[in-house]
Structures are given as C-alpha cells and as structure tokens.
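Colleague: I am new to this structure and would like to go through it slowly with you. Could we begin with a term and then turn to the model itself?

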Amino acid sequence: PEGFYPFIEAVTSSEDFQAFLRVMFAEVQRQQAQPPPSAHEVEVTVPEGVFPGQALAIDFLGMRYEVRVPDGCAPGTTFR
C-alpha cells in the first residue's frame, strides 16, 4: 500500500520519540481523511422464532453483524 513502507521504516528506525509521534499522528490523520468504505445492502430472511425488535446475527464478507428485525417482518419474510 502507498506510504506503508516509509511509515514502517520511520517507526522502526526512529530513536527520536517526537519524530515517532509526528509520523504516527500524520498516519492517523491520513486514514481519518479517507472516506469510509461504501455500505453494502444485503437481503436477510427472518428465521423461525425471531420477531420484530429482536437482534439477529448475520455473517457478511467474513464479518459478523448484529441487526434488529424491523417492525412488520415475520419469520420467512425478508428485509434489507
């Protein structure tokens, strides 16, 4: 990734703590300035025994998310 190797080199070779902090804070600011990853919309089918307002764990792209079943959704229906 762009800037990764200079960053690692500065962090691992620095004996000046203030220089280390400058590099670290500059990297944090750079990452915070980037737009957040785009949102993905997935279709979820409400399983049996789960009703509106209840939390439901879903796995998407290797991550686990907890979503609340919206009002009006019954077992067997889908929502996004």
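Modeller: A salt bridge here is a side-chain nitrogen of Lys or Arg within 4 Å of a carboxyl oxygen of Asp or Glu. Please keep in mind throughout that this is a predicted model.

Colleague: With that term in hand, how many salt bridges does a search of the whole structure find?

Modeller: In general, side chains of opposite charge can pair when their charged atoms come close. The protein has 5 positive and 11 negative charges, whose mean positions are 3 Å apart. When the whole structure is searched for salt bridges, the number found is four.

Colleague: In which order do the elements of the protein run from the N terminus on?

Modeller: The protein contains two helices and four strands. Ala10, for instance, is found in helix α1, which covers residues 4–13, while helix α2 covers residues 17–33. Read from the N terminus on, the order of the elements is α-α-β-β-β-β.

Colleague: What percentage of the residues of the protein count as buried?

Modeller: A residue counts as buried when its relative accessible area is under 20%. The protein exposes about 6,600 Å², of which carbon and sulfur atoms supply 57%. Ala10, at 26% relative accessibility, counts as partly exposed, and of the 80 residues the buried share is 12%.

Colleague: Turning to one pair, is Glu27 buried or exposed?

Modeller: The side chains of Glu27 and Arg30 meet in a salt bridge, with 2.7 Å from N to O. Because these residues are three apart in helix α2, about one helical turn separates them. Arg30 is partly exposed, with a relative accessible area of 37%, but Glu27 has a relative accessibility of 15% and therefore counts as buried.

Colleague: Which residues are linked with Arg80 in a network of salt bridges?

Modeller: The side chains of Arg80 and Glu43 meet in a salt bridge at 3.6 Å, N to O. This pair links distant parts of the chain, since Arg80 is in the segment after β4 (78–79) and Glu43 is in the loop between α2 and β1 (44–45), 37 residues apart. Both Arg80 and Glu43 are exposed, and the residues linked with Arg80 in the network are Glu41 and Glu43.

Colleague: What is the N to O distance in the salt bridge between Asp59 and Arg64?

Modeller: Asp59, at 54% relative accessibility, counts as exposed, and Arg64 is exposed as well, with a relative accessible area of 59%. Their side chains meet in a salt bridge whose N to O distance is 2.8 Å.

Colleague: Finally, which residues does Phe51 touch, not counting residues up to four places away in sequence?

Modeller: Phe51 lies in the loop between β1 and β2 (55–60) and is partly exposed, with a relative accessible area of 45%. The C-alpha atoms of Phe51 and Gly72, which are 21 residues apart along the chain, are separated by 8.9 Å. With residues up to four places away in sequence left out, Phe51 touches Val69 and Pro75.

Technical notes
Residues are numbered from 1 along each chain as its sequence is written. This is a predicted model: local features need pLDDT of at least 70, side-chain atom pairs count only at pLDDT 80 or more; totals for chains, interfaces and linings use all residues. Side-chain values use heavy atoms; hydrogens and water are left out. Buried means under 20% relative accessible area, exposed over 50%, partly exposed in between (1.4 Å probe, protein chains only). Accessible areas come from the Shrake-Rupley method with a 1.4 Å probe; for residues, only the protein chains shown count as cover. Lys and Arg count as positive and Asp and Glu as negative; His and the chain ends are not counted. The place of a charge is taken as NZ of Lys, CZ of Arg, CG of Asp or CD of Glu. Contact means heavy atoms within 4.5 Å.
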